[in-house]
Amino acid sequence: MSTVSAFVLTFNESLHIERCISSLSRICKKVYVIDSYSTDNTVDIAVSAGAEVFQNSWVNHANQVNWAIKNLPIETEWVMRLDADEYLTEELAEEMKLAIKQNGGHTHYYIKRKVIFMGRWIKHGGYYPTWLLRLWRHDSSASCESRLMDEHIKVQVGSSGHLREDIVDCNLNDLTWWIQKHNRYATNEAIEVFKALFKFNDDNIKPSLFGTQERRKRWFKSLYAIFPLFVRPLCYFVYRYFLLAGFLDGKQGVVWHFMQGLWYRFLVDAKIFEIKLKCGDSETLIKKYIFEKWGVKIE
């Protein structure tokens, strides 16, 4: 039977890493943790749980994923990537075993992500199912897009399959942590907007209304970009919460869809607006400002 190795990126993930590694051990011959020099006991927990730990300085998420793909001593036929706050269900592990054993000719598989927020499954508002390419053959020339946000794994050869069972995304940190994380994400998202404006995303997955889910998402983002700043987050929230029935997710859903669908998107627009106020429409000034402020080169 073919075997699987998995890798997980970590930085101060002591709350999640044992759960993640334990779930991966159901299917994986080897679990690798690529740690960005955590200051808590993430590394000790990962080693105790049976993972092999490597450390690499953080640049961005895509860079870390590509470092793992290029440098880990993977000897198995299949590779999986999981976030530290995610875990595999028993049902997914069994389905993966069966899919690999039957060898249907696919070189990579998409798996659904199920988000649990404040103890509740966020099932509505267009947030489930979210299909992510998380399992691929080691010889399929996989890589991660060079993006700061919304980056996806790309596979150069072969066909894709879809598994029925879910990866569960259940972060155990509090709302303050969530807000701080999304503040960083909003900065990255704003930078990506300017990268797209200056045509620096040409090697990424192309938008398509009739393509895979990530290509459809890119298409809708390009449509979203046409709407005026500050108006589009309101429209997006109404679309998600009312038209896509996000209100069915209860009180946790109110928090999730408001914060993730309105507050976060509004914050992205506010950061775009701030950059334009300081730099106007000058590509040179915007690139200089972004580099001096956040150390990100747009080139």
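Start by selecting helix H7 (residues 231-243) together with H8 in this predicted model. Their axes come within 9 Å and cross at roughly 160°. Since angles over 145 degrees count as roughly antiparallel, H7 and H8 are therefore roughly antiparallel to each other. The crossing of H7 past H8 is right-handed.

Now show side chains. On the H7 side, the contact is made by Arg232, Pro233, Leu234, Tyr236, Phe237, Arg240 and Tyr241. H8 brings residues including Trp256, Phe258, Leu262, Phe266 and Ile272. By class, the contact of H7 with H8 divides into eleven nonpolar, four polar and four charged residues.

Next, zoom in on Trp256, which sits in helix H8. Is Trp256 buried or exposed? At 6% relative accessibility, it counts as buried. Leave aside its neighbours within four places in sequence, and Trp256 is in contact with Val115, Phe117, Ile122, Tyr127, Trp178, Arg240 and Gly261. For a sense of scale, pick Ala270 too: it is 14 residues from Trp256 in sequence and 20 Å away in space, C-alpha to C-alpha.

H5 passes H8 in a right-handed crossing. Among the H5 residues making the contact are Trp178, Ile179, Tyr185, Val193 and Phe194; among those of H8 are Trp256, Met259, Trp263, Leu267 and Ile275. Colour by class and the contact of H5 with H8 has 15 nonpolar, four polar and four charged residues.

Technical notes: Residues numbered from 1 in each chain as written. Predicted model: local features only at pLDDT ≥ 70, side-chain atom pairs only at ≥ 80, totals over all residues. Heavy atoms only, no water. Left-handed = near helix turned anticlockwise from the far one by under 90°. Helix = DSSP H or I, 4+ residues; strand = E, 2+ residues; numbered from the N terminus. Contact = heavy atoms within 4.5 Å. Nonpolar A, V, L, I, M, F, W, Y, C, P; charged D, E, K, R; others polar. Buried < 20%, exposed > 50% of the residue type's maximum accessible area, 1.4 Å probe, protein only. Axes fitted to C-alpha atoms, helices over the stretch in contact; angles between N-to-C directions. Parallel < 35°, antiparallel > 145°, perpendicular 65-115°, else oblique.
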